Amino acid sequence: MNQREENKLFRNRETDFVAQTELDALLLPLHVSRGALVGQGPVTPQKDSLQTRFKHWYLRCIEEERAYRGGFLFVPVLIAAGAAFWFCLPATPPSLPLLIATLCVMISAAALYHRPGATSIFLKTVALLLLGMVLADWDTQRSATIILDTPVTTLVKGTVERRELDARGNWRYVLALTSTSNPTLSRPPARVSLVARSRHQAAEIGETITGTARLSPPSGPALPGLNDFAFASFFEGIGATGFFYGPPQRVSADPSAVPASGPAKIAGEWLYELRSDIAQRIRYLIPGDAGAFAASIVTDERRAISGETMEALRVSGLAHIVAISGLNMALAAGIFFVGMRTVFSVFPGFSQRWPVKKISAFAALLMTFAYYLISGFAVSAERAWLMMSIMLIAVLVDRPSISLRNVALSALIIVVLSPHEVMGPSFQMSFAATLALVSAYSFWSRWRNKEDSLSITNPPWWLTLTTKSAAVVGGVALTSFIGGLSTAVYSIEHFHRITTYGLAANLAAMPVMSLIVMPFGLAGMLLMPFGLDGPFLKIMGYGMEIVIEIAKTVSSWGGDATIGRQHPWFLTISTIGFLLLSLLRTRLALIGVPFIAAGLIMLGTERCSTKPDLLIFEDGSLIALLSNDAVATTKARASGFIYDQWERAVPLTMEHVAPHLLDTARQADGDTQELESQPASRSRLSEVDKTQALAEMKTALAGTQRFTCRKDLWCALKSQKGVSIAVLSNSLLTGAACDLADIVVTSRGVPFPACRSGALLITGDTLRRTGSMEIWFGGEGSPRYSAKAALDGIERPWTAHRSYQWRSKTYDATLPEHIAALLSAER
């Protein structure tokens, strides 16, 4: 019985039930007495109260949801919610009590599994939430990545596990460290990510290389509430990032230092080498950004795309094409599936004897698995592969391929195997778009089955062409609109902006992707082993150039709207509303509307919050002072990874004021994301140099609205509110700066915890524990200063390296008293 017949049978039974109910109501005023029908007179119908009618409506909706077994859809949601709650806790709860509590609740829920009532539902819900917390705890213990505690320059030696070419032609290597020397690290990370900027012959995967490198811990949040890169690095197994000072040298591996290679490791190295070779082959045949773009949708290597093109794709709303997501996997599987069925149709005898639809589905299943293997195992590719696999397996067993249960099943697999993925934007945005599209398709299918469609037996060709063209254009437009709308909440939360012209860009780019890029790219990949891929990949490159041109054209319209940081509960409230609207099929889904409305209210009220006066990045390399009409920083350019995050999160809509440099040399603008800047000068200052520096600093603090800087020594300015700020790169000036400024920030450690003058002292050791800070200057009737720190009170495995003391080999998260008082002061 297909869906249309099932709906028709359901409507007939419902009609019979209504007819019987009306007949009973008609005969209700009569009764039989001695064989005669005697009327009882007029009977006044009693109206049910509003509460009674609502209760009946609610129970009727609940029964319908149970009839369609919608409870399974909430299983991955509750497990993911439990995992997210565990990751958001400020401290790690003990594992044993959590496991015991989970087992007890799960046993109780199993005992009452078939018993209706609120108690059974409550126990099931709590059991799934606790299960998510247990899985998150297991995932963290399984990772157990050692993260480097402090930046260091050392001689590293390791085996190349991965390599990737960036837009500047530099190779980025992921090394499995075998040794460090000069100095030897007492707590070395197992794997590091290093960039080699010097021209050299790229090392192959599996080779051992060595070189002097600058290692730094993965950076934390740029501001409170922003993305913590150390979290992702912890679960990826990357304990440090940095760069080689020169070209790395190939050396022979020490057999005693290299662990034995098992079958899984050998297979992994072969796959990553194959992935790298495929990406290089595509970039060789397709030069420029078009080749880098084409390589990204095949192998998920995105670093070779230039920053200009990547920003255009983000602003235009086409960045989702870069990642191997549902769109790429669906197009590849669909083209392969339809292509095989078309080939089979040429042989009608074979097609009549064999189930060619299932054969094509099985072949497409193998093709998508191969696509996943060369994709680098990203979460978006994993989710897309699971979804397509479940859909194709459904075709093999004659089940509906597009359903919410398939989405829930793929989400459940990812949440169980990799619970930490629920915290990332890739998981959230990919599943939000898929869930919204499948839910909309399900609603449209039910509506279409209920409506009587008017069809023409033999329509003219022009009507058929017009109808199909309108269906294609309307489908692309509706798909882009639903996908963009469903991911807007997560784009605002993680990237603090939304694209306003994404619909136009997708309408223009999707036909190119569907008709040129993916078909010829798929043909090229199938023919690459035979060396016949060149013509097909070049045509794919032409399509990529068209997509890039569309992205740049749409981005020039200025469709990128900055939203800023949101309330901590914004994502949770909005997600609850979205899930209720998408997963429930009755009018109970309208319960999600108030949650969506509450999220919109938070979206508006948060923009009215007071902006901080001072922003400090966690390593002290970037400081920004905000005023009503300008933002003064210690960097010459208003760019860079950290400043871009500040600009979107705060947001910084004011004019940027560059510092006045007393040195003639140009100040470096290092990449604070990878912390690749050189360490500050440690040279000792003579008394003459110190006296001159203090005199210049005093002059700079006399009254100015921009930083005055002496390279590798100090920066200083005075704010409009009369607060003087000194930023030091040389710790020898700290004591004197405390007597001149109200706030002293130094990126280095100092021997004393506080200024004796009463000035606010923020040292490198303090920033290492607290992370990035934002400070408000108090007015009348409020504390002089108040602040928020990105990692205040957070002690988790991915932040433990911040409190590690390498000299004593102990952990100490204690803050100076004045910093603790600053963070606890109310604004």
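Two strands pair if DSSP finds at least two bridges between them. The exercises below apply this to a predicted model.

**Exercise 1.** Which strands pair with S18, and in which sense does each pair run?

*Solution.*
1. Strand S17 (residues 714–718) pairs with S18 in the antiparallel sense, over 5 bridges. Ala716 of this pair stands opposite Ala726 in S18.
2. S17 and S18 form a hairpin with 5 residues between them. Gly722, in the turn, has a positive phi of about 85°.
3. S18 and strand S19 (residues 743–746) run parallel and are joined by 4 bridges. Here Val727 stands opposite Val745 in S19.
4. From S18 the chain crosses through helix H23 (residues 734–740) to S19, in a right-handed β-α-β crossover.

**Exercise 2.** Is strand S18 enclosed by the rest of the structure or open?

*Solution.*
1. Buried means under 20% relative accessible area.
2. On one side of S18, Ser724, Ala726 and Leu728 are buried; on the other, Ile725 and Val727 are buried.
3. With 5 of the 5 residues buried, S18 is therefore largely enclosed by the rest of the structure.

**Exercise 3.** Which parts of the chain does the salt bridge between Asp613 and Lys721 tie together?

*Solution.*
1. The closest N and O atoms of Asp613 and Lys721 are 3.1 Å apart, and the cut-off for a salt bridge is within 4 Å.
2. Asp613 lies in the loop between helix H20 (592–605) and strand S11 (614–616), and Lys721 in the loop between S17 and S18, so the pair ties together parts 108 residues apart in sequence.
3. Asp613 is buried, at 8% relative accessible area, whereas Lys721 counts as exposed at 56%.

Notes:
Residues are numbered from 1 along each chain as its sequence is written. This is a predicted model: local features need pLDDT of at least 70, side-chain atom pairs count only at pLDDT 80 or more; totals for chains, interfaces and linings use all residues. Side-chain values use heavy atoms; hydrogens and water are left out. Buried means under 20% relative accessible area, exposed over 50%, partly exposed in between (1.4 Å probe, protein chains only). Helices (H or I, at least four residues) and strands (E, at least two) are DSSP runs, numbered from the N terminus. A crossover is right-handed if, with the strands pointing away from the viewer, the path from the first strand over the helix to the second runs clockwise. A salt bridge is a side-chain nitrogen of Lys or Arg within 4 Å of a carboxyl oxygen of Asp or Glu.
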